[in-house]
Amino acid sequence: MGRSLIKPIIVMGVMYVVLKFVLPYIPGSAPLPSSLIFLYLLLTLSGIVIFETLSAESKDAFWGPMQRFLTGNNIGGLQALRYGVLILFPLLVGWQTYSSTAPSEQPPSESRTIHPAPPGEYTGLANPVPKTPENIMQGKGFYAAFCSPCHGGNFDGKGPAARGYNPPPANFADPTTIAMLQESYLFWRIKKGGVGLPIEGMPWKSAMPRWELELPDEWIWKIIMGEYDGAHQSPRTWE
Amino acid sequence: MSVIRQGIATIQRSLRADRAHGAWLAGFLLAAGLLALPSIGLAGEGAAAGPTEYRDIPYIGSRNLVWIVAQLHLLLAGFVLGVPIFAWLCEVIAWRGGEQRYDKLAKEFTKLLTSAYATTALFGGILLFLLVAFYPKLMNYLTDIFFPSFLLYCLLFLFETATLYLYWYGWDAMQYGRKKTLHVFLGFLLNFFALFIMIVPNAWATFQSSPVVISEGTAFERAWAATWNPTWWPINIHRLIANVVLGGYICGAYAGVRYLSAKYKEDREHYDWMGYVGNFIGVFGLLALPFAGYWLMREIYQYNQQMGITLMGGFLSWLFIIQAMLIGVLFLGSNYYFWLGITYRIPGSQAKYRRPIFWMLVSLLFCLAVWMTPHSLVASIEEAQKMGGAHHPLLGVLGVMSAKMTVSNLMILITFMSFVMYWRAGKQDAAGWAKLGKAVMGAVLVLASLAVVVLGVWGYFVPAIVRINYFSTSQVLIVIFVILTITPLTALLLKSAKTTTEMVWGNMPPRAGYSLVLNAVMVILLMTLMGYARSSSRVHWHVYGVMRDSSPYAYSPALGSASLIMAFCTFFFCILVAFIFWVATMGDKAKAAQGAGKTDLPHGIPAIAGGAPDREGGQ
């Protein structure tokens, strides 16, 4: 086996080990889903193929051993291994096909739409409540009473009830959540709750109550102001 | 059936009567048109009461048929509107610089154009018939608003066709002196009309996505008001650039295929060079495309939050991961072609550039990994539980626009530097200020990359509007500044540089030709994907928020089933283009077979598309 072939194998191995066993143990991290590991490994493999085929010499050093192993004459003891590979490879493909299509007790992987589009009547709504310190404070009070059990007193999605939910309540302090949305979006989600999610939000996995049954609109707008202020985020605007 | 038989007989007669290859193309187009006609006849009537709103056809369905025909028409139109831009630029380079190979290249590009033009018009006609037949209510509504621009479009088409014929058939007759100036002016006119041919129908399509309130007034006033809708100019700019990219990569693929099948050294050299030019044009447009795309999305978001979220955060958001993958492959493929060029066309440079290429490749892959990382990950329940939701606590931050904008800008910078490296390869600086110049360029590049990254990270900690209006714009301006600084500096440096190794054309390995074909397929797939995105963003509306789609097809197909149509459109378009190119180059083969007699061909032979005289012949 040529040197050029050993290096790529080591690179792929190291990459897999890093993604599977190193990255998850970095503080604040978590295990990566297999879809992401597959994606990063595929990119690594593409890089290897691109780099190793840049010149005639590197291409021969890279493909040569594989070509000789699969098609060359007089390969001695490797002959049995060649047959082994030629039998094993289709079997592996078959096994992969079977395991990905056979009925299983595991639910399929989800590609959930976290931010489905709001109904037309909610788009472009502006917060009618003036942004005064009093209103913000009042909003924070309502938040503490109605929202913090799940979304947390620190607006970080870690309220006392949060552990009971999958998926967990949104972390408003994360700059990739409410900071990406307009206030009208939050108004719709709070008002209609999980049951108000449209078809594109399937699978409907939100335990968010339908607050319109309990809170007047003005309170909801105040809660939104309190949330943004408390989480140190700003709503998306166009001005 | 008798009509079809008559049609076939007509085609056969015309083929027998005229051995010019244009007749083949005309025959094919006629047959396609005749075969498409019964689809309208098959159309079933809608509800009996009131005027017919929709018609349908069995099996394929009216929506799918219109989708396929519209997509093919758009792809063909993108090609025939993109190619004249760089064909004309090549002609101008030859005219001003005196390098005749550019004129020959421009002519070869235009030859492909003439044969594709008729097919584009044919698909446009079929699309119009199908729209009128299947969507009478919608077409009635649009006609009522855009009636004046329909007439303008017909006029523009007339001018474009006349100019194209003059431009192509007059190529040899207008080669020298003032006549050449006139020919160059015709090329300009061709592009001028082509631009308007693109932007007029863009108004109809963008009005459907972002309609504006139309007050009472004359027909012209109403049409003008509807034309100036919020997404009209973003689409115009985006499509203009995308057409250049599509045209460049398709010409590159054509050159790649011709290169792979070339038997003679001169042919290999010519098509190797043509492939390089095609790839260069594609990359040149590709560098600007993300900026235009970002502007378009911004306008959509600002026009309607619902539509913006449907695209970027809602059910179409997964589509943008596929888009990232396709663009990523395009960037990789284009850079790979540049790098192969350095290795194979400039002997001895392999060892010198291997290390920089390695780091460029690693950086590109890193950027691509970031771009392709979704905000919400595909995960099993077990995996999601371990992550604490669909967002990864560490990598989840890579899934939002700040990260995507940063890496796309970095990828543009890397690709630009790839080109600069290729440009400089095989040359030794001789200018006294070369050291200083290179230091300045290095500093500009490093500082610009750092600034792009800093703005990208900072973007997480500022309100969205600051990020969108200032940070992202600044990132784009920084990249443009780098391109505008390094390009003239490099050109100045190379003006006095000593060529140490002459560039050798025709030595590229077969995989270079395949990578050109791959790039073309990727850009076609990308356009079919974005066609689906733009139409689906209207969800169940023909005209967003104004005219509701009440047909049985008032639903957005899932990405999986949509990808079948996209793949079919890509495949069929490739077959169509291959056929058109085959027809267009038949004449060359015949002339090549005649050997020395090729230069004796009389100029100005009247022929239909694809069969124009070619004084150089045998390319």
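Leaving aside neighbours within four places in sequence, which residues is Met198(B) in contact with? They are Leu81(B), Arg239(B) and Leu240(B); contact means that the C-beta atoms of two residues, placed from the backbone, lie within 7 Å. This is a predicted model, in which local features need pLDDT of at least 70, side-chain atom pairs count only at pLDDT 80 or more, and totals for chains, interfaces and linings use all residues. Residues are numbered from 1 along each chain as its sequence is written, while chains are lettered from A and ligands numbered from 1 in the order in which they are written.

**Around Met198(B)**

- Met198(B) sits in helix H6 (residues 177-209) of chain B. Helices (H or I, at least four residues) and strands (E, at least two) are DSSP runs, numbered from the N terminus.
- Met198(B) has 19 other C-beta atoms within 10 Å, so this residue is partly exposed. The cut-offs are 20 or more other C-beta atoms within 10 Å for buried, 12 or fewer for exposed, and in between for partly exposed, with C-beta atoms placed from the backbone.
- Ala77(B) is 121 residues from Met198(B) in sequence. Their C-alpha atoms are 8.3 Å apart in space.

**Chain A**

- Chain A has 7 helices and 0 strands.
- Its elements run α-α-α-α-α-α-α from the N terminus on.
- Along the principal axes, the C-alpha atoms of chain A fill a box of roughly 85 × 40 × 35 Å.
- Buried residues are 29% of the 239 in chain A.
- Of the contacts in chain A with a separation of 6 or more, 58% are between residues 24 or more positions apart.

**Chain B**

- Chain B holds 18 helices and 4 strands.
- Of its 619 residues, 46% are buried.
- Of the contacts in chain B between residues at least 6 apart in sequence, 79% join residues at least 24 apart.

**Helix packing in chain B**

- Helix H3 (residues 62-97) and helix H17 (residues 510-536) of chain B pack at about 130 degrees, with axes 11 Å apart. Axes are lines fitted to C-alpha atoms, for helices over the stretch in contact, and angles run from 0 to 180 degrees between N-to-C directions.
- H3(B) and H17(B) are therefore oblique to each other. Angles under 35 degrees count as roughly parallel, over 145 as roughly antiparallel, 65 to 115 as roughly perpendicular and the rest as oblique.
- H3(B) contributes Gln71(B), Leu74(B), Leu75(B) and Gly78(B) to this contact, and H17(B) contributes Ile524(B), Met527(B), Thr528(B) and Gly531(B).
- Helix H14 (residues 401-424) of chain B and H16(B) cross at roughly 5 degrees, their axes coming within 11 Å. H14(B) is therefore roughly parallel to H16(B).
- Residues in the contact of H14(B) with H16(B) include Phe416(B) and Trp423(B) of H14(B), and Val479(B) and Ile486(B) of H16(B).

**The A–B interface**

- In chain B, 55 residues are in contact with 49 residues of chain A.
- Elements giving two or more residues to this side of chain B are helices H10 (305-312), H11 (317-345), H12 (350-372), H13 (381-387) and H16 (464-495) of chain B.
- H12(B) gives the most, with 8 residues.
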